[in-house]
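Morning, everyone. I have one model to walk through today, so let me put it up.

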Amino acid sequence: MFTLAEVASLNDIQPTYRILKPWWDVFMDYLAVVMLMVAIFAGTMQLTKDQVVCLPVLQSTVNSKAQTGTSGKADFTTVETTTGQGEAASVRTVSFGSAPTVTPDIPLSRATSSQYQPTESGQELKKEQKDSSGRKTNLDFQQYVFINQMCYHLALPWYSKYFPYLVLIHTIILIVSSNFWFKYPKTCSKIEHFVSILGKCFESPWTTKALSETACEDSEENKQRLTGAQSLPKYVSTSSDEGSPSASTPMITKSGFKFSADKPMIEVPSVTILDKKDGEQAKALFEKVRKFRAHVEDSDLIYKLYVGQTVIKTVKFIFILCYTANFVNTISFEHICNPKVEHLIGYTQFECTHNMAYMLKKLLISYISLICVYGFICLYTLFWLFRIPLKEYSFEKVREESSFSDIPDVKNDFAFLLHMVDQYDQLYSKRFGVFLSEVSENKLREISLNHEWTFEKLRQHVSRNAQDKQELHLFMLSGVPDAVFDLTDLDVLKLELIPEAKIPAKISQMTNLQELHLCHCPAKVEQTAFSFLRDHLRCLHVKFTDVAEIPAWVYLLKNLRELYLIGNLNSENNKMIGLESLRELRHLKILHVKSNLTKIPPNITDVAPHLTKLVIHNDGTKLVVLNSLKKMTNVAELELQNCELERIPHAIFSLSNLQELDLKSNSIRTIEEIISFQHLKRLTCLKLWHNKIVNIPSSITYIKNLESLYLSNNKLESLPAAVFSLQKLRCLDVSYNSIALIPVEIGLLQNLQHFHITGNKVDVLPKQLFKCVKLRTLSLGQNCITSIPDKVSQLLQLTHLELKGNCLDRLPATLGQCQLLRKSGLVVEDHLFDALPSEVKEVLNQDTSIPFANGI
């Protein structure tokens with residue numbers, strides 16, 4: 001037999017799950033407990049008191065029953081038997097009429113045989129009693145016990161014997177069916193996670209604060225509507241309406257308020273600052289809710305399992321009711337038993353009484369009443385399950401009662417769990433909806449962000465860049481702190497990896513701001529802020545992964561001078577590029593595109609007349625179509641890097657105003673077309689580095705105005721004399737080639753200031769090299785040079801000398817005569833420097849004491 005504690009453990013669930021138990025589940029749990037008590041009570045009574053008592057039915061008595069109605073006399077025999085453990089058994093016979101007499105000392109078999117010998121005389125009976133000898137065995141008692149046991153199993157209906165056990169089994173099945181969804185692993189984990197999150201959301205201080213702010217905003221909005229209060233002064237654009245953003249331009253809109261140039265922003269004062277710990281917990285809850293929703297909304301297993309277990313309980317109720325109604329009448333106090341043991345007892349029929357019949361029948365009626373109530377509740381549950389679509393849940397009421405109009409409707413198991421929670425208390429769902437709202441999450445981020453990034457902290461992060469401008473770089477924040485816009489003297493603002501960046505109207509206070517960086521930051525701007533940026537911003541850097549991240553308002557900044565676009569702009573997305581809108585950028589001078597273009601977009605020619613510098617840095621994608629370059633007549637600087645060019649594009653030769661050409665990191669093998677550069681009268685800088693050029697054609701002499709020539713990282717083996725006919729050449733870089741000899745004609749370059757031949761095979765330095773007295777930088781490292789001539793002292797303007805990586809044994813002492821050369825500009829092995837005379841080292845070390853002298 002089960003103990004009550006063992007059976008009750010089947011219904012033991014975590015107390016926190018009670019919020020998912022609607023009233024019908026709770027009521028059915030109590031009914032199950034009552035049915036369990038009925039089963040235990042009936043089982044206990046059956047174990048302790050369940051008996052049947054059987055007496056034989058005499059044949060003469062049976063025959064006399066037919067004569068009772070006519071003679072009016074009743075001849076019957078009454079036999080009383082008492083059974084029990086450890087008690088003596090006695091048989092008392094009361095005889096009427098001609099019925100035989102059975103004494104206690106004569107077994108039931110002897111008494112039975114006397115019925116068939118009624119003519120024997122009393123003397124013979126006494127004689128037989130005197131002749132009997134031996135021990136008394138109480139065989140008559142054993143015979144009655146035997147008959148009682150046999151008739152208990154043969155005559156008593158099975159339902160009377162197993163009723164308590166059936167009730168117990170049925171109750172256990174109903175209890176398991178009611179709580180199976182709390183125990184099944186695939187649903188238990190989701191339910192446990194949901195209950196945990198729901199409890200934390202309900203108790204989170206942010207929930208109360210968000211709802212309080214909602215009420216505050218509602219009252220503030222009503223107040224503004226009634227009193228017509230004015231907001232903060234707004235920036236007034238001095239330009240016309242031309243270039244205003246279209247309806248598709250991403251501008252900030254807030255719930256309850258709209259911002260435009262005519263209707264400025266209304267700022268609602270924030271209520272109490274949220275504790276840092278509470279803020280972090282609330283942030284974690286938003287993330288948990290987001291992940292839980294994505295995990296649970298993709299299936300409806302919990303809903304199907306709950307429906308399934310409810311159907312099982314209903315079917316179980318119908319089954320129990322059907323078969324119980326048939327067997328309720330079989331429970332009777334009297335039963336006729338025919339054990340077929342006449343050869344042992346002498347009787348063929350017995351009449352038995354079941355002493356528990358009355359109690360079992362009452363318990364059965366009670367059980368049927370309970371199961372009927374249980375079944376009606378199951379039917380109501382099914383009606384509730386199919387009456388409304390429980391796999392959809394709408395927060396419409398919550399949206400109406402709060403300012404969080406963006407709370408999304410949910411579906412599948414997430415919706416079902418919320419429906420179940422509503423049966424417990426609808427306040428749970430309302431407070432839980434706060435953590436489904438992006439507006440609520442953004443408010444939390446803003447409060448936490450502004451609390452952490454104060455004006456003083458931001459001021460500490462302001463630095464001076466290479467252009468001596470005040471710069472602020474914000475990286476991986478949840479938004480842009482409000483205090484940023486109080487830094488009115490800021491020149492450069494960098495926003496990197498800030499997905500929810502918003503630029504409010506307060507940016508109009510930053511009158512010095514001219515440069516803005518948006519690195520993976522699709523910032524949204526308010527109307528007033530856009531008007532300010534349109535008129536004041538001069539330089540904009542946009543780094544993105546997908547072209548859709550480029551804010552549409554970028555192409556409407558008509559006073560923009562420099563635009564840097566870094567990201568994926570392949571041919572498939574070229575149609576999406578807003579470059580066709582660049583026609584609005586009438587003052588754009590510099591366009592820098594670092595991407596994977598296969599052609600220069602034709603629409604870029606809309607701004608071609610204004611451009612003075614065009615930079616295209618590809619990622620190795622071959623740039624094929626370059627015809628659009630011909631229209632860029634005002635371009636002075638052109639960079640086509642890593643574009644897999646095999647020859648110098650002919651379209652370049654049409655750029656009459658070109659001053660600097662950079663074709664770095666391409667696949668150019670020959671530069672025979674270089675003769676065409678003679679038409680580019682203004683070309684002063686030619687960069688052909690990091691290519692595969694084998695030789696330099698003599699036609700390079702026609703580029704008379706060339707001042708800088710970069711041919712490093714190619715495959716040159718020699719330098720033709722034609723190179724040294726470029727009298728205006730000031731910088732020559734042929735590093736990292738295979739050049740073995742420096743021609744003596746290098747002495748003709750009297751204006752040469754920078755000569756780089758690092759990483760070649762040079763072993764001897766010609767004396768004519770030191771006739772280039774204007775040399776300031778001389779890079780001779782990683783060659784095979786064995787000695788440095790003393791004539792190095794002629795280079796009086798030399799400030800940088802690289803000799804490291806050669807085969808030098810010593811350095812000339814004449815290095816001390818190079819007046820501008822210091823140790824910091826001398827790149828050489830330490831042992832060679834240490835071998836110099838002390839007076840030379842003292843001269844070269846003067847640079848260490850100069851700062852102190854200047855300081856004094």
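I'll take the annotated segments, then the cysteines, then one histidine, then the cores.

Ground rules before that. This is a predicted model: local features need pLDDT of at least 70, side-chain atom pairs count only at pLDDT 80 or more, and totals for chains, interfaces and linings use all residues. Residues are numbered from 1 along each chain as its sequence is written, and side-chain values use heavy atoms, with hydrogens and water left out.

Start with the record. An unreviewed UniProt entry lists residues 27–47, 162–182 and 364–386 under "transmembrane region". Those positions are in the numbering used here, feature names are shortened, and annotations may be inferred rather than shown by experiment. What does the model show there? Residues 162–182 are 100% helix and 0% strand. The end C-alpha atoms of that stretch sit 31 Å apart. Residues 364–386 are also 100% helix and 0% strand, with 33 Å between the end C-alpha atoms. Helices here are DSSP runs of H or I, at least four residues; strands are runs of E, at least two; both are numbered from the N terminus.

Now the cysteines. How many disulfides does the structure hold? Two, where a disulfide is a pair of cysteine sulfur atoms within 2.5 Å.

One pairs C54 with C352, sulfur to sulfur 1.9 Å. Buried means under 20% relative accessible area, exposed means over 50%, and partly exposed is in between, with a 1.4 Å probe and protein chains only.

The other joins C151 to C337, at 2.1 Å between sulfurs. Again, distant parts of the chain are linked: C151 from helix α7 (residues 139–154), C337 from strand β4 (residues 334–337), 186 residues apart. Here the torsion for C151 and C337 is about -90°, so the disulfide is left-handed. C151 and C337 are buried too. Counting bonded cysteines along the chain, the pattern is 1-4, 2-3.

Two further cysteines to note. C201 is at 0% relative accessibility, so it counts as buried. C818 is buried as well, also at 0%.

Next, H520. Where is H520? In the loop between β12 (515–519) and β13 (524–525). H520 is partly exposed, at 24% relative accessible area. Beyond four places in sequence, H520 touches L497, I498, K543, F544, T545 and E549; contact means heavy atoms within 4.5 Å. Its C-alpha is 7.3 Å from that of P499, 21 residues away along the chain.

Last, the cores. A nonpolar core is a set of buried Ala, Val, Leu, Ile, Met, Phe, Trp, Tyr and Cys residues joined through side-chain atoms within 4.5 Å. The largest has 133 residues, and F677 and F755 have the most contacts inside it. Helix α20 (residues 527–536) gives this core its largest share, four residues. Neighbours within four places aside, F755 contacts residues including L732, V734, I742, I746 and L769. Apart from that core lies another, of 82 residues, among them M35, W181, L418 and Y428.
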